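These are my notes from a look through one structure, entry by entry. I wrote down what I looked up and what I found.

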Amino acid sequence: MANKVKEIWASGKAVVNAWLAIPSGFSAEVIAQCGFDSVTVDMQHGVQDYLSMVQCFQAMHGHPVTPMVRVPWNEPGMIGKVLDGGAYGVICPMVNTPQEARSLVGYSKYPPKGTRSNGPIRAGMYGSAGTYQKTANDEIVLLPMMETRTAVENMEAILDIEGIDGVYIGPSDLGFSYGLVPKLDREEPEILQIYEKIIKECDKRKLNPGIHCSGAEGAVRAINMGFKLVTLSNEVGLMSTYARLQVNQTRKDAGGKA
């Protein structure tokens, strides 16, 4: 299975990514039909577990989206397991040093580039028998999250680690680490300057910066800044935002009858 995310980057365009916090194959199936390029199962802050991740991947399999995962932490057991389960992209939280980025690469790639153990029980079904191991090191997307002051201070050293495909910005934690209120679409000059530097340094290295957004407006602004992957909230946010909109519109237009 070719990785659609890498194909889009090679074409010069930005990837539009979905985010799943709900452990439901049906929700995943609905989202996978909405036009996203990739769909990320959130195992860090969502209520997903490993089996619900597999169910989401199974539900999405008939649609042209790249299955990705945000893992709970940078450790080899879970990273290897989500890859064996079919993830074609790994977003890893709280990567603050080049050594932590190097570890992420090592956990995610087969020898000689890494130390990943062989056993792609489900992932191997995405290709013909025996082909997965030949392409996995090149096809899987690795995005360490840059979301702390420490990570920003180590930015260039982290970006120099061979094997990553870019970085993923967590705006809430990044702002939090600078003493700001946690939120997604940031406008503070000091944070925007960090974004500009990340984009510039990624561009120098032909890497692809990604970022979490609260919706289309923030995503378009991020793409215009130079981000190459944008996440449009998560399905919880999309559902609640539209539901609230419909309820408010109903009450407003019902003339006090509801």
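**A residue in strand β3**

I began with R70, which is found in strand β3 (residues 66–70). Helices (H or I, at least four residues) and strands (E, at least two) are DSSP runs numbered from the N terminus. I noted that this is a predicted model, where local features need pLDDT of at least 70 and side-chain atom pairs count only at pLDDT 80 or more, while totals for chains, interfaces and linings use all residues. Residues are numbered from 1 along each chain as its sequence is written, and side-chain values use heavy atoms, with hydrogens and water left out.

Is R70 buried or exposed? R70 counts as buried because its relative accessibility is 8%, where buried means under 20% relative accessible area, exposed over 50% and partly exposed in between (1.4 Å probe, protein chains only). Leaving aside neighbours within four places in sequence, I found R70 in contact (heavy atoms within 4.5 Å) with W19, T40, V41, D42, M43, Q44, H45, I91, P93 and M145.

Which strands pair with β8? Strand β1 (residues 15–20) runs parallel to β8 and is joined to it by 3 bridges, and V16 stands opposite V230 in β8. Strand β7 (residues 208–213) also pairs with β8 in the parallel sense, over 4 bridges, and here C213 has L232 as its bridge partner. For two strands to pair, DSSP must find at least two bridges between them.

I then turned to A219, whose place is in helix α11 (residues 216–225). A219 counts as buried, at 4% relative accessibility, and leaving aside neighbours within four places in sequence, A219 is in contact with C213, V230 and L232. The C-alpha atoms of A219 and L229 are separated by 8.9 Å, with the two residues 10 apart along the chain.

**Helices α4 and α5**

How do these two helices cross? The axes of α4 (residues 76–84) and α5 (residues 98–108) come within 9 Å and cross at roughly 45 degrees. That makes α4 oblique to α5, since angles under 35 degrees count as roughly parallel, over 145 as roughly antiparallel, 65 to 115 as roughly perpendicular and the rest as oblique. I recorded that P76, I79 and L83 in α4 meet L104, Y107 and S108 in α5. The residues of this contact divide into 5 nonpolar, 1 polar and no charged.

**Backbone in the loops**

Most residues other than glycine have a negative phi, and most peptide bonds are trans. I looked for exceptions, and one of them is the cis peptide bond that joins P111 and P112, with omega about 10 degrees; P112 has its place in the loop between α5 and α6 (132–139).

K206, in the loop between α10 (189–204) and β7, is a residue other than glycine with a positive phi near 60 degrees, and K206 is exposed, with a relative accessible area of 75%. S233 is not a glycine either, yet has a positive phi of about 55 degrees. The place of S233 is in the loop between β8 and α12 (235–253), and S233 is buried, with a relative accessible area of 11%.

Terms used
Axes fitted to C-alpha atoms, helices over the stretch in contact; angles between N-to-C directions. Nonpolar A, V, L, I, M, F, W, Y, C, P; charged D, E, K, R; others polar.
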